[in-house]
Amino acid sequence: MRRESGVLLHISSLPGPFCVGDCGLSAEAFADFLSAAGFSLWQILPLTPTSEAFGDSPYSSPSVFAGNVRYISPEKLVRDGLLSEDDIMLCRRPSSLHADYASALGIRRELLMTAWHAFLRDKERFCDIAAGYDSFCRRESYWLEDYALFCVLKEKFGNVCWNEWPEKYRIRDKEAIALFAEDVSNKDKISFEKFCQYIFMRHWELLRSYCRERGVSIIGDMPMFAALDSSDVWAHQEQFDLDEDGRPNCVAGVPPDYFSPTGQRWGNPLYRWDVMERRDFEWWTKRMRRSFECFDKIRVDHFRGFCGYWAIPASDDTAVDGEWRPAPGKKLFETLCAKLTADRVKNSVIAEDLGIITNDVVELKKYMGFPGMDILLFAFGCGIADNPYIPHNISRNSVIYTGTHDNNTVAGWWSGEASDEERQNFSAYVGRAPETPCDAASLMATMALTSRADIAVIPVQDLLGLDASCRMNEPGKTKDNWRWRMTDGQFCSLISASSDIISKYAFLNRISGRAFK
């Protein structure tokens, strides 16, 4: 592997006039910035749909396969000829400080309906889009049919969880499902949902192509578990640990740790690994193949869950009284290698191996050759000499971060979270005390880039030296996560041709052997 570096920034955090970041002009400008500053990787969070019921967390989605239509670019719909400038003019808003997911969805659904009607009126004019749409529906039918039907059924039954639907739909009675899908009104709605997914994929592929032309690869993010109220669980109930009414027997989470004294109760249903194994891990194979279609590399969240997972009784409010249960990680990844090509699997996966890591997790990661993650924010407490995250102890086959989306920003950590011992150790390790919290972020970013790790990734907040108010997520907090966006001014300070940040990191990437060539 060559040495590489990248920036962590989710699509939603880009500025723009449509209430949330998207695959449009700001995304292209950010790709230009990455290339100019010597970065060759852009890491994002999951691109799957989000739900207001779960605080729009990208880790709790109604589908692990579908795309989030909020990230469709209205400007590219104009470029496609499906909308006019007048169509999108009234939808423009001043770029807000926080992502407004509800308004973003409303705007795009309205514009997509206009585009859909234009498409239906004149398919000859949009012959390329029609051919792409038909091909997409055939190629992705293994998940797209279930997802589109799920969306229409959800709307019909007032958006309640699928396990509260009338029994014939809850248990997927074939005759009832067929009759529902063939109803003219429902058929049109189902086709529209498929069209929305095609447009999302079209715009995402356009952005990926733009990035590739500039030498930038995308690191995607694959959550370990599926959400209960998802098309995945509804369509494959026998592969999840549910009772006869479709309710989880136990749910996923993690025990008490650095982030929470009561652990984290995520609430996802657990997999029935025995059933999945008997089916030769078909669902996982399709899921991984889909991820490889969308991304160049994949950060697999909660990797330790492939060896053992924390099972919490569904009736419990916290994660304290769960238990560890084994999972067939080695068999799963051997099957994926056989079905998807071993080199593709082994060279494209990053294992999120944070938290309680046991020997079996270490062995699986080593067996597959997957790089793990090292977080500098965890490196400066007591026992610094032996700390696994301190640069002199990390391995080359690693991805080093200043912090992740779950951490404070470095400036926020330095000014309000770091202990006196951590501040003292950090200052000693870099050779001087930071002059400001922003200076601490700069020093830590430099430390990441000059480390031994083959890959270094810096959250954009740390490139900009932003404070704790700009963190993306605070684990255990149920509201106001995932909403941070760059201001127009912050974005301009990145992408401007005279940007000090571009010149600084182009130099750092070059001298640390990471510059894009």
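Two strands pair if DSSP finds at least two bridges between them. Helices (H or I, at least four residues) and strands (E, at least two) are DSSP runs, numbered from the N terminus. The model on display is predicted: local features need pLDDT of at least 70, side-chain atom pairs count only at pLDDT 80 or more, and totals for chains, interfaces and linings use all residues. Residues are numbered from 1 along each chain as its sequence is written, and side-chain values use heavy atoms, with hydrogens and water left out.

**First stop: the sheet**

Select strand S4 (residues 250–254) together with strand S7 (residues 308–313). These two strands run antiparallel and are joined by 4 bridges. Val251 stands opposite Ile312 in S7, and the bridge partner of Gly253 in S7 is Trp310.

Strands of a sheet pair through backbone hydrogen bonds, either parallel or antiparallel.

Now display the whole open sheet of 4 strands, whose order is S5-S4-S7-S8, with antiparallel pairing. From one strand to the next, the twist averages 50 degrees (axes are lines fitted to C-alpha atoms, for helices over the stretch in contact, and angles run from 0 to 180 degrees between N-to-C directions).

Buried means under 20% relative accessible area, exposed over 50%, and partly exposed in between (1.4 Å probe, protein chains only). In S4, 5 of the 5 residues are buried, so the strand is largely enclosed by the rest of the structure.

**Second stop: the nonpolar core**

A nonpolar core is a set of buried Ala, Val, Leu, Ile, Met, Phe, Trp, Tyr and Cys residues joined through side-chain atoms within 4.5 Å. Select Phe30, Trp42, Trp204 and Trp273: of the 172 residues in the largest nonpolar core, these touch the most other members. Helix H9 (residues 184–213) gives the most to this core, with 12 residues.

Centre the view on Trp273. Leaving aside neighbours within four places in sequence, Trp273 is in contact (heavy atoms within 4.5 Å) with Met224, Phe281, Trp284, Phe306, Tyr309, Ala327, Pro328 and Leu332.

Select helix H15 (residues 359–368), in which Val361, Leu364 and Met368 are buried. They cover an arc of only 65 degrees around the axis, which puts them on the same side of H15; the arc is that of the directions from the helix axis to the C-beta atoms. The face turned away from this buried side carries the exposed residues Asn359, Glu363 and Lys366. Just after H15, Gly369 takes a positive phi of about 75 degrees.

Select Leu144, which lies in helix H6 (residues 141–156). Leu144 is buried, with a relative accessible area of 1%. Apart from neighbours within four places in sequence, Leu144 is in contact with Phe136, Cys137, Lys194 and Gln197.

Finally, select helix H18 (residues 437–449). Of its 13 residues, 10 are buried, so H18 is largely enclosed by the rest of the structure; among them are Asp439, Ser442 and Met447.

How values were computed
The expected span of a helix is 1.5 Å times one less than its number of residues.
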